[in-house]
Amino acid sequence: MSIEHKTKIEHLFGEPFFADHLFCGLSPKTFETFSCIKQTRRFPKNVLICKSENMPLCLYLLVEGEAQMSLNSIFADQKIVRQVRQNEILGLTENLANLPFRASVRTLSPCLFELVSREDLLEFI
């Protein structure tokens with residue numbers, strides 16, 4: 001993939017946000033509190049984790065497995081896709097701003113996610 005093409009895709013999806021960026025400045029006590037509100041859940045292959053234009057119910061963190069994020073283009077028959085990376089946080093902006101998901105996320109293999117409900121996330125913050 002060319003650098004120009006990669007830059008266009010990142011612009012459409014926004015910069016990925018990774019857990020190590022979120023957790024690096026937390027005190028041990030705060031990290032422990034966060035660990036208490038997250039749940040771990042396994043999803044099989046080919047499951048829609050979140051759907052574009054739906055309101056978020058939780059924050060997702062991909063721990064293991066493969067998933068893809070897709071956006072519908074202005075042309076109904078075309079989708080723009082990018083790989084979700086391990087340790088990537090999905091839905092942070094949507095949860096904080098109470099906005100619908102901009103993209104859909106589907107598992108490509110069995111996946112392990114950590115989830116934090118929107119309510120718990122907002123209370124934590």
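A: The answer begins with the chain and then turns to the sheet.

This is a predicted model, in which local features need pLDDT of at least 70 and side-chain atom pairs count only at pLDDT 80 or more, while totals for chains, interfaces and linings use all residues. Residues are numbered from 1 along each chain as its sequence is written, and side-chain values use heavy atoms, with hydrogens and water left out.

The chain holds 5 helices and 9 strands. Helices (H or I, at least four residues) and strands (E, at least two) are DSSP runs, numbered from the N terminus. Along the sequence their pattern is α-β-α-α-β-β-β-β-β-β-α-β-β-α. Of the 125 residues in the chain, 37% are buried, meaning under 20% relative accessible area with a 1.4 Å probe, protein chains only.

Now the sheet. In general, strands of a sheet pair through backbone hydrogen bonds, either parallel or antiparallel. Here, 4 strands form an open sheet in the order β3-β8-β5-β6, and the pairing is antiparallel. Its edge strands, β3 (48–50) and β6 (79–84), each pair on one side only. Direction ignored, neighbouring strands of this sheet are turned by 30° against each other on average, where the axes are lines fitted to C-alpha atoms.

Two strands count as paired if DSSP finds at least two bridges between them. In β8, V105 is the bridge partner of C50.

Technical notes. Buried < 20%, exposed > 50% of the residue type's maximum accessible area, 1.4 Å probe, protein only. Axes fitted to C-alpha atoms, helices over the stretch in contact; angles between N-to-C directions.
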